[in-house]
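Biologist: I'm new to this one. Could you walk me through how its helices pack and what sits inside?

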Amino acid sequence: MTFSIVARSDDGESWGVAVASKFLAVGSAVPAAAAGVGAIATQADANIAYKYLALAHLDEGATAQVALDRLLEEDGNREHRQVGVVDSDGNAATWTGSECFAWAGGTTGRSGERGGYAIQGNILTGPEVVEAVERAWLASADHPLERRLLEALDAGDDAGGDSRGRQSAALLVVRDGAGYGGHDDVAVDLRVDDHTDPVTELARLVDLNELYLTASTPEEQVPVDDALMIELEALAKADGKDSFHMWVGSQNHEMRVGPGARPEWIDRRILAIIRGEEDAV
């Protein structure tokens, strides 16, 4: 009842899953990933235990195909399962059981030396959905993994997607140290659980995730000299805050401003926001 793409980035640093379905809260059931280990999507008659079993097998050194084989070998309901797996080295494997509802199928491939992907779907309008996902994935090699996965998902949606319609979508991306404050590996973990246009809504959330939950790159950081610090304090007080530091906390911009009450840098977009400039976000 779902289509998904599971992938490792071409630079070998990120793993992720993007999924859409005519199913409530598909993100709660289908995706799982761990940085340096791999990623999995379990769908159709989804066996949720596959997520944790697959990551355990991968963490023990199994390839994507070996991990998938282990999942299926003792599952008496395997012909109703659909699964995609990518391992730590970018090897990919996919499975579509013979009892999955038509149209059902999948494909795997490599994108660069270190990247790999598995694409699969069931109850789709046709094979053109998987083909569109693959074309979009291969055409976006210069984009970050979260953007590539989103673009691939959007292409599958445009090609027809789930033949029953749209309801939910999700995106999960992991890489070492990418989480909030650098304390875990979750770069993106977003879900649209019930929506008439879930992939478009997911794209909106990805933009917000980048602004609020993704650390600034050095290229995005504007040095804060004395004159700019005076301006920032004045702008914060004009907005009703006692200090710029308090303004940052109240607006949830901690990932895009240097630490402390006297930060060494501020993200250019946050600077535009506090200045009230148009098109800041």
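**Helix contacts and cores**

Modeller: Let's start where two helices touch: Tyr 50, Leu 53, Ala 54, His 57 and Leu 58 in H1 meet Ala 64, Ala 67, Arg 70, Leu 71 and Leu 72 in H2. Bear in mind that this is a predicted model.

Biologist: How do you know which side of H1 is the buried one?

Modeller: Tyr 50, Lys 51, Ala 54, Leu 55, His 57 and Leu 58 are buried. They cover an arc of only 160 degrees around the axis, so they lie on the same side of H1. On the other side, Tyr 52 and Asp 59 are exposed, which here takes over 50% relative accessible area.

Biologist: What covers the buried residues of H1?

Modeller: The cover includes strands S3 and S4, helix H2 and strand S5.

Biologist: And which residues touch the most other members of the largest nonpolar core?

Modeller: Out of 32 residues, those are Ile 5, Trp 137, Leu 149, Leu 153, Leu 171 and Leu 202. Among the elements giving two or more residues to this core are strand S1, helix H4 and helix H5. There's also a second, separate core of 17 residues, including Ala 62, Leu 71, Val 83 and Val 85.

Conventions: Residues are numbered from 1 along each chain as its sequence is written. This is a predicted model: local features need pLDDT of at least 70, side-chain atom pairs count only at pLDDT 80 or more; totals for chains, interfaces and linings use all residues. Side-chain values use heavy atoms; hydrogens and water are left out. A nonpolar core is a set of buried Ala, Val, Leu, Ile, Met, Phe, Trp, Tyr and Cys residues joined through side-chain atoms within 4.5 Å. Buried means under 20% relative accessible area, exposed over 50%, partly exposed in between (1.4 Å probe, protein chains only). Helices (H or I, at least four residues) and strands (E, at least two) are DSSP runs, numbered from the N terminus. The arc is that of the directions from the helix axis to the C-beta atoms. Contact means heavy atoms within 4.5 Å.
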